[in-house]
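Have a look at the model first, then we'll go through it by topic.

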Amino acid sequence: MKTKLLTLALGTAALAFSATANAATLDDVKAKDFLQCGVSTGFPGFAFTDDNGDWQGFDPAFCRAVAAAVLGDASKVKFTPTTGKTRFTALASGEIDMLARNTTETFSRDVDLKFTFAPVNYYDGQGFMVRKDLGVDSALGLSSATICIQTGTTTELNLADYFRANNMSYEPVPVETNAEAQEKYLANACDAYTTDASGLSATRSAFENPDDHIVLPEIISKEPLGPLVRQGDDQWADIVKWTILALITAEEVGVTAGNADQMKADSTDPNIQRLLGATEDNYGAMFGLDNDWALRAIKAGGNYGEIFARYLGTETPLGIERGVNALWTDGGLMYAAPIR
Amino acid sequence: MTTATQIVDGPVDSGGFRLSQLIYDSRYRSYTIQVIAMVLFMVAVGWLVDNVIDNFRDLGKEFSFGFLFQPASYDINQTLIDYNSQSPHWRAAVVGILNTLLIAVLGCILATFLGVAIGVARLSKNWLIAKLMTIYIEGFRNVPVLLWILLFSTAFSALLPSPRQTEPMLAGFLTATNRGFYVPATIWSEGAGLLAILFLVSLVAAWIFGRWATARQEATGEILPIFRIRLAIIFLPVLALFFLLGSPMTLDFPELKGFNYQGGLYIRSSFMALWLALSLYTAAFIAENVRAGIQAISKGQTEAAYSLGLPPKRTMNLVILPQALRIIIPPLISQYLNLTKNSSLAIAVGYMDVTGTLGGITLNQTGKEMECLILLMGFYLTISLLISGVMNLYNNAVSLKER
Amino acid sequence: MSDTDSETQVFRPDDQIGGMSLAYVSTQTIPASHSPVSTSGPIAWMREKMFSSVSDTIVSLISLAVIILVVTSLMSWLVTNSVWTAGSLAECREIDTGGCFAVIVVRFSQFMFGFYPSELYWRPILAFALMFVAAAPLLHDTLPRKMLFFSAAYPLLAYWLLWGGSVWGIALFVGALVLTFVIWQLLKGFNMAIAAIVAGLFLVLWFMFAQGSVTSFIDNTIGFVGLESVESSKFGGFLLTFVIGVTGIVASLPIGIMLALGRKSNLPILKALCVGFIEFIRGVPLITLLFVASTLLNYFLPPGTSFDIILRVLIMVTLFASAYMAEVIRGGLAALPRGQYEAADALGLTYWQATQKIVLPQALKISIPGIVNTFIGLFKDTTLVSIIGLLDPIGIMQPIRSDSNWNGIVWELYLFVGLIFFITCFTMSRYSMYFERKLDTGHRS
């Protein structure tokens, strides 16, 4: 009898818990009035804390854009630092609403781990950085070298594949974080450091003498990086997807954080009007937002180009060229589907 | 208590069993409580398992260990058995397990030596030594071991020279680079088997000599320098044969080739950092145990031994240490257990132990958290239970037979 | 020195037979002279303690040389050439060659509080200070026993200070606790077991269904009174270390007592469950339990439930600590003389009465040094949460080192964090040793 009562109590308790579950992420986010966004625990340019303890960087900027689109306020984001190991569980369990942690889109992550990737916001590829005085000018010259590598990422698998394919041997030195890798590489405890090319530039930029180091020309993998969300909530996936596309479109049509309001009022270009919600199309309402969603996202941190320039571009210590991440009109791969 | 109250308020057995006895009769109450506890436990476990099944269904995951047989497709630097990136995940796990055992065993050995030495030195009459050892013990004990591991790792990579700037030291017997340490490897040629056989024979001979010497001492009272004679029995014949055969052993010295030193025995700095940090940290605790053990033996024991005419060294060996060990060994073994568990922090310096392979890369690449962690915890649990089993055996063997 | 005193004897001539005075008998006390320089004073001390034999001298000289070498080289890095004000590592390097401690100055508040809002720093500081007041009566038996009420209320108060939130919620919580107690008292006379179950059920159901909604109802009708709430993702640095460490110890105490009693009980199933739990937790490394917290715990809860990572870590750390706590308390129980148990039985006390009134008060007192030691261990072990991405003092080095201003800095950070840990743990261990000595003077079993 007593046990029955207790089972009953536990059962009802379980029900009470699950009542909050399975609601659409958008309603969830609106109800709690902030966006929980997973970022890295620290990666130059992509995620770091400033002296005030605020998260800054390329990835947080996209979180802020989504928060602005959904909640109308770019500051309504809470960041959860995740490691290579914890990031997917954090997203799958609903602890975070979206993951923006320079994560490579792969088949198994999409299909097997059940995530939906938003459009790629950074095209990357795995490369190698070595000291100039090592006299190596190709990755093929790295046979029997000691190579520092961040564990818990796809880079490990790429590296194993590449050396196996070229019949070379190497000595992997696994490290947990970029900061450790850099420390080891600078101390010459490894001959080469391999990670995404963006990460290499970022790391190199922080060196005292960046010119003593070169990034080898070989890019041994494709690393399309982008935010991701849980599979099965298409509305939420759409919101994240189109927020990114809106930022890219904004760059394409020349809307910036500074001129967005004015453009909305003055522009006669239908592309811009649709983007900024100046028409009566009500695109926002189609996924549960209002008409100004894209306007707010752009005003939060600028268009794609502005975000890139602020955290990664040639004006920053990282000094990364746009390269393949330029707009398609400039010969890059950034090609946003039209908003119509 | 059950028996005590039974006489007072237990009902006379003649009456039939009533349901209320389950609560009020102390004979049956213990069953009621246990049944309730068991049922509660089962309900809780059932609830957890049910949740796991639900969650797995929702996420479309399945619970299976099949991934263990798929290729791991990552490389491991330190492998004690054959392994390459095409080997299956289970083999990667075994490589990790062996690396864990390696660091645990070597760590325990070094920590014991250091700990005993430091514990004894802490009681030294020399004020300076005693104080230095106190500083060592307090310094290591009161800072988290993770910090020590990181510190050693940083120290090795930042303070030692890179391979190209390194010159072999000690006539080539040690090459210290910031990637690791190289020592010559031994290569045995023909005749090595003979040496090994002779060595085994000498060991047996030394053992027989020991028994004979003890018997002789008991019979005549004469004491032989057993230790020195034993050493001679073990090593002299082997050395003689070694030179007779014309040194059937060559040393393979490491040489700088390309990026790194090649040849010789390569001890990676991740291993060294973990090994030293764990050993030094654990040694501080062992030193305290040793000190406490020695101090716990009352001074009367020493005085009694002296008055019997035993010299100080024999007093220590025959009177003090055997008693102190009884106190020292149980906490010593639990320190071994701690060291083994702490070796899982290898993940912080990139030493590929079982937490790094099975609980690290395999878990990340396959997304099989449940399966990997069950296996990982099972492994550590087995090791722990084995070690505590040994400890219980020892405790039973040495516990004072009180009369 | 005392030898000289005892040898100086006083002769009084008057005592001599016939009042004869002997010329060679001294009439006054000879003042105690100083012992020779060779047996007292610093030189003798050094000779005895450092240079008593050849080997001793060699060892002492070598250690002295090492000490001098280490101290002088550290001095230049730590003191004479160190930099305390700069905006980045590059600036530091321009100023001087020593350690760049400017990073500690700039990021000090992050090391202490993580990302806790800076205008609310007074709350964790107050909670920290009150912690000593709460712990005092437990660690000092001379203080008035009334203070224990504050100790009991402290966890709730600290929770409210740190996380903030409505004061109504706290009041309702206290109300629910009081009500639970009243229910228990009322039903206790009828039957203990039923009373416990009904009271427990009431408490559980209250939290499941009523607490949240009633709180928000009062907030909406009467108005929100309380502190601005701070979510746990803002916690970091040593604040996080203390929150995890203290919560782990406080929450593990009752569980540990139950487990220890269960392990000593003569009910086989209960005992087996307790032993199984304790041995399992003690047999696996904490890091695997933290992996469970970070990757698995959500699978064990109904679909869709999700706690934030800090709460999950707190749960696992509490489970971890309670197994160790159980062993400490078991030691305390075992140290009680058998006569105490027998006396309780002889008085006809029931198991719970004996445990509550005789066994536990004594066993817990004996266990205090062990509990403090467990706390020190747990406090150090909290650094492991950095491996699962929490920003404790070690974890927070990561984003700091990723900031391009401070890229490449490492020794200064390690030194600072290590020093704080050392000071805290060393103080606590000294205290525990003092307490142990104090207990030792009493009865011995």
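Before counting anything, a working cut-off: two residues are in contact if their C-beta atoms, placed from the backbone, lie within 7 Å. Keep in mind that this is a predicted model. With that said, here's the rundown, starting inside chain A and moving out to its partners.

**Domains of chain A**

- Between the two domains of chain A, 16 residues of domain 1 are in contact with 14 residues of domain 2.
- Sorted by class, the side of domain 1 of chain A that touches domain 2 of chain A holds 7 nonpolar, 8 polar and 1 charged residues.

**Overall build of chain A**

- You'll find 14 helices and 14 strands in chain A.
- Chain A is as compact as a globular protein of its length, because its radius of gyration of 22 Å is close to the 20 Å that the globule rule gives for 340 residues.
- Along the principal axes, the C-alpha atoms of chain A fill a box of roughly 75 × 65 × 40 Å.
- As for burial, 54% of the 340 residues of chain A count as buried.
- Take the contacts in chain A with a separation of 6 or more: 72% of them come from residues 24 or more positions apart.

**Where chain A meets chain C**

- Chain A puts 35 residues into this contact and chain C puts in 34 residues.
- On the side of chain A that touches chain C, the elements giving two or more residues are α1 (2-19), β2 (48-49), β4 (77-82) and α7 (178-186) of chain A.
- Which of these gives the most to that side? That's α1(A), with 7 residues.

**Where chain C meets chain B**

- Here 45 residues of chain C are in contact with 47 residues of chain B.
- At least two residues each of the side of chain C that touches chain B come from α3 (54-80), α12 (268-283), α13 (286-296), α16 (351-381) and α18 (411-440) of chain C.
- The most comes from α18(C), which gives 8 residues to the side of chain C that touches chain B.
- By class, the residues on the side of chain C that touches chain B are 31 nonpolar, 10 polar and 4 charged.

Definitions and conventions
Residues numbered from 1 in each chain as written. Chains lettered and ligands numbered in written order. Predicted model: local features only at pLDDT ≥ 70, side-chain atom pairs only at ≥ 80, totals over all residues. Helix = DSSP H or I, 4+ residues; strand = E, 2+ residues; numbered from the N terminus. Nonpolar A, V, L, I, M, F, W, Y, C, P; charged D, E, K, R; others polar. Rg over C-alpha atoms; globule rule 2.2 N^0.38 Å. Buried ≥ 20, exposed ≤ 12 C-beta atoms within 10 Å, placed from the backbone.
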